[in-house]
Amino acid sequence: MQLPPDLRQAIEEEASRPSLQLLQAASESLSRGYRRLPIPRERLISSENERIAYIATRLPATYASASRVAEEILARIPGIEIESLLDLGSGPGTAAWAASNSFPTLRRVTLVERDSDFIELGQRLARHSQSPALREATWRNADLSVLDDYPEHDAVFISYAIGEVSPTAIIRIIGRAWSACKKVIAIVEPGTPRAFSRILVARQELIALGASIAAPCPHQTDCPMSGGDWCHFSARIERSSLHRRAKSGTLPYEDEKYSYVVATRCAVQRAPSRVIRHPMKLKGHVRLELCGGCGLICKIVSRRTKDQYRAARKSEWGSPWPFPDE
Ligand SMILES: C[S@@+](CC[C@H](N)C(=O)[O-])C[C@H]1O[C@@H](n2cnc3c(N)ncnc32)[C@H](O)[C@@H]1O
């Protein structure tokens with residue numbers, strides 16, 4: 001996946017202001033902040049150079065995972081039309097950019113962010129967007145933990161934000177976000193055990209509120225992951241030369257690991273199972289790790305079962321597996 005040209009150009013314009021040295025130092029300071037455990041409650045991104053480092057080095061990855069989640073919404077909720085989007089903890093508006101690219105029916109966008117400088121940066125980026133909904137978006141400067149009235153929208157995204165609030169605030173935020181959601185809500189987090197535990201809290205709360213889980217789970221019962229295992233996926237994003245220079249990296253791409261949950265008020269078409277690890281495509285058979293209605297299973301698909309074998313050869317980590325459990 002690549003960033004769309006309008007977003008790439010907007011980022012390059014912003015990133016041309018600080019020197020490369022300052023950008024690399026800010027990017028290193030950001031990475032150190034994210035590696036610190038537990039994530040401190042004080043703001044992780046506090047200077048203008050760190051905000052610019054974020055859009056140059058982290059935004060491409062969070063854009064990739066939000067885009068994957070948006071694709072999954074369209075696949076699991078057939079016929080859904082998303083005309084309005086609420087991006088909570090928006091930072092520079094990453095999820096709104098991903099949604100405006102994935103949902104052609106999008107007409108109205110509201111973003112809520114507590115850091116007013118991030119809002120200003122996001123507004124400058126949005127001016128470059130091809131999407132009128134994003135160019136004319138409403139930005140609200142507010143703290144999600146204390147804001148009472150989340151405005152109603154078809155879709156609500158909370159992308160890489162609940163990790164920065166306390167566990168009790170997560171429950172409150174999910175409750176208000178669900179009330180504001182007319183069709184679908186998506187919560188995306190990094191693909192780490194710690195972040196996955198927050199996804200599980202959100203999933204449980206959404207089920208308690210009456211939501212239907214649409215993805216990635218093929219069921220609505222307790223999550224079978226345990227014993228140090230965690231449900232996560234991977235999205236590959238091409239690195240631009242700016243991205244490589246800012247991160248002092250050489251690889252032309254980056255694999256972003258992410259965890260997520262999508263819940264909805266609409267009718268869901270869940271796949272019977274989901275591939276939860278890289279399939280092992282061996283000679284004459286494929287070994288699949290699946291999560292399905294009967295929990296976690298390891299399935300060996302041999303070339304004797306023609307349809308299944310063909311599907312298994314094509315499958316990827318995160319793909320739905322269309323055959324019912326045997
Ligand atoms: C890691 S950034 C993610 C930005 C963007 N959503 C993305 O996916 O790239 C987390 C953002 O959430 C915002 N945030 C964290 N806690 C918040 C709160 N309580 N209220 C509003 N925004 C919050 C931070 O200011 C920051 O901009």
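Predicted model: local features only at pLDDT ≥ 70, side-chain atom pairs only at ≥ 80, totals over all residues.
Reader: Why are helices H2 and H3 called roughly perpendicular?

Author: H2 covers residues 20–35 and H3 covers residues 48–76. They pack at an angle of about 80 degrees. Angles of 65 to 115 degrees count as roughly perpendicular. H2 and H3 are therefore roughly perpendicular to each other.

Reader: Which residues of H2 and H3 make the contact?

Author: From H2 come Leu22, Leu23, Ala26, Ser27, Ser29, Leu30 and Tyr34. From H3 come Asn49, Glu50, Ile52, Ala53, Tyr54 and Thr57. By class, the contact has eight nonpolar, four polar and one charged residues. The axes of the two helices are 8 Å apart.

Reader: Which atom of leucine 144 lies 2.8 Å from a nitrogen atom of the ligand: backbone or side chain?

Author: A backbone N or O atom of leucine 144 does. With glutamate 113, an N or O atom of the side chain is 2.6 Å from a ligand oxygen.

Reader: How much of the ligand does the protein bury?

Author: Taken alone, the ligand exposes 590 Å². The protein buries 97% of that. Around the ligand are 19 residues, and among the nearest are Thr94, Asp143 and Ser159.

Reader: How do you know that the bond between alanine 215 and proline 216 is cis?

Author: Omega is about 0 degrees there. Most peptide bonds are trans. Proline 216 is in the loop between strands E6 and E7.

Reader: What is the phi of tyrosine 160?

Author: Phi is near 55 degrees, a positive value in a residue other than glycine. Most residues other than glycine have a negative phi. Tyrosine 160 lies in the loop between strand E4 and helix H7.

Definitions and conventions: Residues numbered from 1 in each chain as written. Heavy atoms only, no water. Axes fitted to C-alpha atoms, helices over the stretch in contact; angles between N-to-C directions. Helix = DSSP H or I, 4+ residues; strand = E, 2+ residues; numbered from the N terminus. Parallel < 35°, antiparallel > 145°, perpendicular 65-115°, else oblique. Contact = heavy atoms within 4.5 Å. Nonpolar A, V, L, I, M, F, W, Y, C, P; charged D, E, K, R; others polar. Near = heavy atom within 4 Å. Polar contact = N/O pair within 3.5 Å; in protein donor to acceptor, adjacent residues only side chain to side chain. Areas by Shrake-Rupley, 256 points an atom, 1.4 Å probe, with all protein chains shown as cover.
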